[in-house]
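Here's a quick briefing to read with the model open in your viewer.

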Amino acid sequence: MEQLVQQIEAYKQEIDLFDAKTPEEVEEFRIKYLGTKGLVKAVMGEMKNVPNEQKKAFGQILNEFKLFTESKYETLKENHQPQADHQQQIDWSLPGDPIAAGTRHPLSIVRNQIVSIFKRLGFAVAEGPEIEDDWHNFGAMNLPEDHPARDMQDTFYISQNPAWLLRTHTSSVQARVMESQKPPIRVICPGRVYRNETISARAHCFFHQVEGLYIDDNVSFADLKQTLYFFVQEMFGKNVKVRFRPSYFPFTEPSAEMDISCLICGGDGCNICKHTGWVEILGSGMVHPKVLDNFGIDSNKYTGFAFGMGVERITQLKFQVNDLRLYSQNDVRFLKQFTGVI
Ligand code: DAH
């Protein structure tokens, strides 16, 4: 047994020093030591020659030898993992798969442009709820219940609670701003509005507006005109002409609608401008003193101007989109035409 133990020690040293250079050599190691005719099996076969009283101690030595050899084999195997095959190897020089980026909706593009122009003039953005109450949409804006001008805006009421409605204009956000802020106030309010209209190329039951409100001491109609003139030039370029026409809104006095020279035909007359050479883009005016009083803003001290424009109309002029329904049909052939326009 003495001799056998020495022999095992010698094998262990040999195994310890063994190093395989190729996967084939690892396999040779396995055959030599762990194969059915390998050395581990061979020394184990010696057990029968060991005297009974030494069998237990020898058994432990054998066991340990076997584990030692197996663990060496595992290490060798790990170091010689066959290389991942060709297909799995990464070629870092290959071009990547293109990532299909979405595009911004034309209405978002134009709304963002409008907002950014007014931001440069110091206007802050304010938002309000699309489901409104009668007061903020109508009452506070000087449209009492029996006011005929309510007919101008066919309203969707919420059937569960007729005190609620879908706002018909973003002027309701003016009301919310005046309710919570003190002058000076300078805000624009972009948002979606709803009216009970039959859907056609020229009308839709929802559309978008950007409202503007400026209240301070000494705000004049000249400020209103200059502000909107600046906006038009930034939006459509220096060659566009503007004109103001007297109009009526319950929440402004005096009121005016603003037209710009038709960008489609350059003023010569076309379908878009109904052959007049002019296109109306917004309503505006000096905030009615009653509206200021509704919110405890002293109308003797403060004056203000307000305006409301339709985003669809401005987008139509910018991108020559002639059918309002295209904006909400989600047809990618339409939407992807705005790729790259930010
Ligand atoms: N709210 C009006 C509409 O939806 C637009 C408008 C006109 C807004 C005059 C205003 C304004 O703030 O002063 O037709």
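Asn218 sits in the loop between β5 and α8 (221-236). Its phi is near 60°, a positive value in a residue other than glycine. Keep in mind that this is a predicted model.

**Loop residues with positive phi**

- Is Asn218 buried or exposed? Asn218 counts as exposed because its relative accessibility is 71%, and the cut-off for that label is over 50%.
- His275 is another one to look up: its phi is positive, about 60°, although it is not a glycine.
- You'll find His275 in the loop between β7 and β8.
- With a relative accessible area of 58%, His275 is exposed too, again by the cut-off of over 50%.

**Cis peptide bonds**

- Pro183 and Pro184 are joined by a cis peptide bond, with omega at about 0°.
- Pro184 belongs to the loop between α7 and β4 (185-194).
- Glu253 and Pro254 are also joined by a cis peptide bond, and here omega is about -5°.
- Pro254 is in a strand, namely β7.

- Strand β7 covers residues 252-261 and pairs with β8 in the antiparallel sense, over eight bridges.
- To find that pairing on screen, look for Ser261, which stands opposite Trp278 in β8.
- β8 also pairs with β9, again in the antiparallel sense, this time over five bridges.
- For this second pairing, pick Met286: its bridge partner in β9 is Phe305.
- How much of β8 is covered? Most of it: eight of its ten residues are buried, meaning under 20% relative accessible area.
- One thing to bear in mind when you look at side chains here: in a regular strand they alternate between the two faces of the sheet.

**The ligand and its surroundings**

- Which residues come nearest to the ligand? Of the 16 residues around it, they are His169, Gln174, Arg195, Gln209 and Glu211.
- Gln174 has a polar side-chain atom 3.0 Å from an oxygen atom of the ligand.
- Ala306 takes part through its backbone: a polar backbone atom lies 3.2 Å from a ligand oxygen atom.
- The protein buries 92% of the 360 Å² that the ligand exposes when taken alone.
- Which elements give two or more residues to the shell around the ligand? They are α7 (171-180), β5 (206-216), β8 (278-287) and β9 (303-310).
- By class, the shell has ten polar residues, four nonpolar ones and two charged ones.
- That puts two strands from the section above back in view: β8 and β9 pair with each other, and both are listed among the elements that give two or more residues to the shell.

Definitions and conventions: Residues numbered from 1 in each chain as written. Predicted model: local features only at pLDDT ≥ 70, side-chain atom pairs only at ≥ 80, totals over all residues. Heavy atoms only, no water. Near = heavy atom within 4 Å. Polar contact = N/O pair within 3.5 Å; in protein donor to acceptor, adjacent residues only side chain to side chain. Areas by Shrake-Rupley, 256 points an atom, 1.4 Å probe, with all protein chains shown as cover. Helix = DSSP H or I, 4+ residues; strand = E, 2+ residues; numbered from the N terminus. Nonpolar A, V, L, I, M, F, W, Y, C, P; charged D, E, K, R; others polar. Buried < 20%, exposed > 50% of the residue type's maximum accessible area, 1.4 Å probe, protein only. Pairing = 2+ DSSP bridges.
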